[in-house]
Amino acid sequence: MTETLKAPPLRTPPAGPTPAHRVWTVALAGLGALLCSLDVVVVATALPALRADFGASLSELEWTINAYNLVFACLTLTGAALGDRFGRRRMYVVGLAVFTLASAAAALAQGPGQLIGARVLQGAGAAVLLPLTLTLISEAFPAEKRGVAIGMWGGVTGLGVAAGPVLGGAVTEGLSWQWIFWLNVPLGLAMLPLAATRLRESYGTRPQLDLVGLALAAVGLTGLAWAPVRAPEAGWGSAEVLTALAVGVVFVAAFLGWERSGARYPMLPLSHFRRRGFSTANASGFLLFASLLGALFMITQLFQIGLGHSPLEAGVRILVWNATPLLIAPIAGALADRFGNRPFMLGGLALQATGLALLAWQLEPGVGYGRLVAPLIVAGVGISMVFPSVANAVTSSVPLGDAGVAAGVNNALRELGGVFGVAVAAAVFTTYGGYGSPESFIDGAGAALWVSAGAAAVGAGVAAFAPRRP
């Protein structure tokens, strides 16, 4: 089955990438990552508006975020493999087109079911789009300059994280929540012809698609991600959750067995996980996003429901937390080229854990914003240091031809971490609090933030074992 698709001949450009090509690559890769990151955080700010407009339940609110993350996590290995096989520029354009179309569908949704369906399609587009942004940068820059480029990529990604809550709050309050999706459409349409003409085509080293591996990975990752998403509502001991976990474990085990001995051209060379840089960076990325998205899910609602601010006021107050990647990530990426990735992975996760723990400690009914600013800044500086250093560590720990595979694995594990983080945060929130009153919400949010801080602390422990140099 894996031998039916023949690859086009590998095309080697007559000369290396030009400075103009590198500028366009960083710009378009950064904008692609901006769209993908923006549509996680921008929806988070609109959750109370969606709850009021649709009468959505907590489970449906989770699914507006997790539907995107779930599909993203399960298909991102597929997206990376398609880029290697059919051309990274070509598949970048395809992913961007799907994402833009899905954004329009989300804006036109008439109920939570339609919105969640559109978010599924968005996740599929992002699963192709985002891993290829790192692959395109890795192909365009030599290893000794890649940290700077990835730092710039992280800075633009940070712009999406920073602008998301403010933009979502302003649009939700001034227009309507639908416009948080309409804004993607003109940007996507403008990027499509530029990506098709300004990016250079490249291919991976595997001439055939591993179709069996793709199917096994998709089913396995879906089962593992479905279980924590459904657990808060169905219960961890329910037949649905236990079946999903069992299916996930069985299919992931089958996938690993197939990749080890059955696949002629494996989509995931397991030997990469014997590289300490690759395995520690991916584990750190998983825990980073478990902590970050779990905290984001609670904090965006906390400022509105628990502390009584409008969507725009909430977005502005959160800006001190999530604007820091725009400033810090490029610097951290450049310094990682000089001092190695480990100090920034370890220090960043430790700062994130410290900031979230301080935030949870300060929470109480009527708490003033001044007491929350410093914890938010500390956590923001932490994530700013981790974003580029994890991405750089993953791509620099494998041969250049496997950069697409490495980026796909990293994105799959990051998004799985986000799914688990939101699900666990929601489960802890409902155990210790609820939507009944601001006080009840603060009780639940505080407990959930302690758990998010713990996930970052464990990530710091993992990062301590990363190699000092690639």
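**Pocket, patch and salt bridge**

Helix H16 gives the largest share of the lining of the largest pocket, five residues. The structure is a predicted model, in which local features need pLDDT of at least 70 and side-chain atom pairs count only at pLDDT 80 or more, while totals for chains, interfaces and linings use all residues. Residues are numbered from 1 along each chain as its sequence is written, and side-chain values use heavy atoms, with hydrogens and water left out.

The largest pocket holds about 360 Å³ of space. Its lining comprises 16 residues, with Leu221, Val252, Leu256, Leu413 and Leu416 nearest the centre. Helix H9 (211–234), H10 and helix H16 (403–432) are the elements that give two or more residues to this lining. By class, the lining has 16 nonpolar, no polar and no charged residues.

Helix H10 (residues 239–262) gives the most to the patch, with three residues. Valine 247 is placed in helix H10 and is partly exposed, with a relative accessible area of 33%; partly exposed lies between buried (under 20%) and exposed (over 50%), with a 1.4 Å probe and protein chains only.

The structure holds one salt bridge, defined as a side-chain nitrogen of Lys or Arg within 4 Å of a carboxyl oxygen of Asp or Glu. Glutamate 364 pairs here with arginine 371, and the closest N and O atoms are 3.0 Å apart. Glutamate 364 is partly exposed at 37% relative accessibility, and arginine 371 is partly exposed with a relative accessible area of 37%.

Conventions
Helices (H or I, at least four residues) and strands (E, at least two) are DSSP runs, numbered from the N terminus. On a 1 Å grid over the protein atoms alone, a cavity is a set of points where a 1.4 Å probe fits but cannot get out, and a pocket is an open set with protein on both sides within 12 Å along at least five of seven lines; lining residues have an atom within 4 Å of a point. Grid points are joined across faces, edges and corners, and a volume is the space filled by probe spheres set on the points. Ala, Val, Leu, Ile, Met, Phe, Trp, Tyr, Cys and Pro count as nonpolar, Asp, Glu, Lys and Arg as charged, and the others, Gly among them, as polar.
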